[in-house]
Amino acid sequence: MIRTGQQYKDSIRDGRRVWINGERVSDVTTHPQFQPIVDIRARIFDMQHEEAHRDIMTVVQDGERNALGSALPYTQDDWWSKRRATDHLLNDVGGVVTRVGDETVGEMWSLFDGQDVLNEVDPQFSKNIETHIHRVLKEDPFHVSANTDPKGDRSKAPQDQDPDMLLHVVKETDAGIVVRGAKYETAAAYANQAFTKPTIANWGNNALSDYAVGFICDLGSPNLRFICRTGFAGRAPKKDYPLANGFDEVDTIVIFDDVLIPWENVLFYRHTKAASFIRATLHRYSAFAFVQRNLKVADMMIGAALFNARQTGLDKQQAVQEKLAQLAVYREGINAHLTAAIALGERSPAGLMMPNQSLLYTGRVLACSQLHEMMHIARELCGGQICVTPDAASFENPETKPWLDKYYSINDEWVADDRRKLLAFARDLLNSDYAGHRLTFQLFAQSPPFAHLAAVYRNFDWDGPLAFVKEAAGLSDRVMAGRTLTPGDNAISSWFAADTKRAAAE
Ligand SMILES: Cc1cc2nc3c(=O)[nH]c(=O)nc-3n(C[C@H](O)[C@H](O)[C@H](O)COP(=O)(O)OP(=O)(O)OC[C@H]3O[C@@H](n4cnc5c(N)ncnc54)[C@H](O)[C@@H]3O)c2cc1C
């Protein structure tokens with residue numbers, strides 16, 4: 001089923017305890033720092049009902065219409081549809097929003113793939129994850145992700161400091177487990193549920209640990225508190241900061257002050273093997289939607305930089321063209337990784353279609369690690385005027401307007417008002433505090449850069465290069481220490497293997 005925007009808004013008016021700027025928020029749907037993003041989330045629910053968007057953003061399964069972003073992927077076509085749906089919604093809202101559900105829900109599919117591991121721990125847990133994956137389709141909650149604890153002193157085990165620095169179980173009851181701790185979560189203050197699991201941290205090497213716990217947290221549960229960082233919306237006029245006022249996704253430290261998690265929401269508990277599995281595979285699916293956001297950010301940078309270069313005639317300069325080309329290379333690098341990750345998709349242990357893991361994770365490193373350089377190039381191309389241009393109010397004040405009209409009009413095509421709008425957009429994309437926040441978001445929000453590289457290390461097929469060098473350098477078999485290498489390029493082999501299967505099927 002698909003909810004309406006109104007049903008979503010009603011669902012988060014549940015008496016939750018939210019603070020921002022030291023102020024208790026009585027209603028997140030109307031508070032000025034939350035309202036723009038809540039409205040976008042509501043708009044996504046509503047779009048899925050509208051004829052113009054329905055077929056792109058939803059899928060009919062067993063006679064019921066569901067959100068495409070929450071539907072499990074079984075084929076390459078499913079991934080093309082997901083990619084198109086995300087693009088469609090970002091185009092409609094006119095900006096980049098990440099934590100709106102389609103990006104985070106895939107984390108549960110990774111655990112669905114780990115059913116063998118869960119079965120070893122307790123078969124009930126693997127049933128729970130399956131139930132939740134289908135519940136997301138049937139009930140359409142806004143689902144977010146909770147991994148990161150405050151952690152405290154990393155040189156100490158959790159037991160050797162304030163034990164609440166990492167979220168842990170403090171009690172078991174007939175009804176469920178009681179958890180205590182805190183997690184950083186984007187969007188939690190206005191979402192319905194969070195897949196909560198251990199952070200990357202020293203949560204214990206023993207087979208059993210109270211810190212090795214994963215569950216679905218109903219964000220309307222008693223004893224939760226949401227303490228938010230200040231919002232970027234509502235601080236300055238929208239005309240001057242159009243992105244901050246439209247798309248800020250408020251991050252929150254969520255306090256779990258002895259929160260009861262019913263047994264049916266517990267996905268794994270105590271077994272560090274299950275916790276390790278989920279940490280290693282967490283972004284197997286969700287990285288796709290995350291990396292896709294970088295493609296749209298690249299489009300925004302290219303558009304802003306090229307418009308600026310064209311309106312001032314600078315696009316005729318070769319040096320400027322080279323910088324624009326660098327932005328295009330970044331954009332197309334991400335595009336190529338996403339496209340190839342679909343084309344060379346892989347079957348998961350649970351029979352789902354995973355984007356090609358090596359290409360997806362290398363694409364994530366490309367997208368996140370180069371972003372700051374690309375922002376720098378775009379900033380350079382937009383020039384210092386994104387820094388020094390007066391605000392809209394000065395363009396409207398009768399005493400200052402004539403001067404600004406004069407100095408900001410370039411020709412008949414580019415008059416002061418459009419130039420101001422473009423510079424305000426570029427400032428909020430590249431220069432404002434919101435722009436800096438977005439850069440950090442892309443760097444960290446789906447785990448930190450070292451973890452991105454660790455995912456590449458785990459998923460790249462090292463055999464091909466080793467086999468090539470072993471042969472080319474004439475190395476003996478001794479260097480293999482008993483291991484056998486599979487020679488060749490994995491991508492090419494996968495393509496031909498899939499091609500052979502297709503031919504056989506036909
Ligand atoms: C805007 C924003 C939104 C976020 N949203 C969410 C969210 O929705 N849900 C969620 O769960 N989390 C979220 N996060 C948290 C994010 O996942 C963490 O910031 C990230 O996992 C890093 O943890 P940390 O901040 O505690 O950094 P630290 O663990 O303190 O690490 C800081 C740096 O230390 C170095 N370092 C630390 N450990 C190692 C290591 N083992 N090996 C090598 N280098 C190391 C690295 O340089 C690392 O970048 C968000 C973060 C940001 C900035």
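Me: By class, what is the shell around the ligand made of?

Reply: It has 7 nonpolar, 7 polar and 5 charged residues. Keep in mind that this is a predicted model.

Me: OK, and which residues are the closest to the ligand?

Reply: Arg99, Asn147, Thr148, Arg154 and Thr186 are the closest, out of 19 residues that surround the ligand.

Me: What does the ligand pair up with at Asn147 and Thr148?

Reply: At Asn147, a polar backbone atom sits 2.5 Å from a ligand oxygen. With Thr148 the side chain is involved: one of its N or O atoms is 2.9 Å from a nitrogen of the ligand. There's also Phe444, where a polar backbone atom is 3.3 Å from a ligand oxygen.

Me: How much of the ligand does the protein bury?

Reply: 63% of the 960 Å² that the ligand exposes when taken alone.

Me: Which helix or strand gives the most to that shell?

Reply: α18, with 4 residues. That helix spans 433-444, and β5 (143-146) and β7 (176-186) also supply at least two residues each.

Me: Switching to the core. How many residues are in the largest nonpolar one?

Reply: 126, and Phe34, Tyr190 and Met301 have the most contacts inside it. Helix α10, residues 286-311, gives the most to this core, with 11 residues.

Methods
Residues are numbered from 1 along each chain as its sequence is written. This is a predicted model: local features need pLDDT of at least 70, side-chain atom pairs count only at pLDDT 80 or more; totals for chains, interfaces and linings use all residues. Side-chain values use heavy atoms; hydrogens and water are left out. A residue is near a molecule or strand if one of its heavy atoms lies within 4 Å of it. A polar contact is a pair of N or O atoms within 3.5 Å; within protein, one must be able to donate a hydrogen and the other to accept it, and residues adjacent in sequence count only if both atoms are side-chain atoms. Accessible areas come from the Shrake-Rupley method with a 1.4 Å probe; for residues, only the protein chains shown count as cover. Ala, Val, Leu, Ile, Met, Phe, Trp, Tyr, Cys and Pro count as nonpolar, Asp, Glu, Lys and Arg as charged, and the others, Gly among them, as polar. A nonpolar core is a set of buried Ala, Val, Leu, Ile, Met, Phe, Trp, Tyr and Cys residues joined through side-chain atoms within 4.5 Å. Buried means under 20% relative accessible area, exposed over 50%, partly exposed in between (1.4 Å probe, protein chains only).
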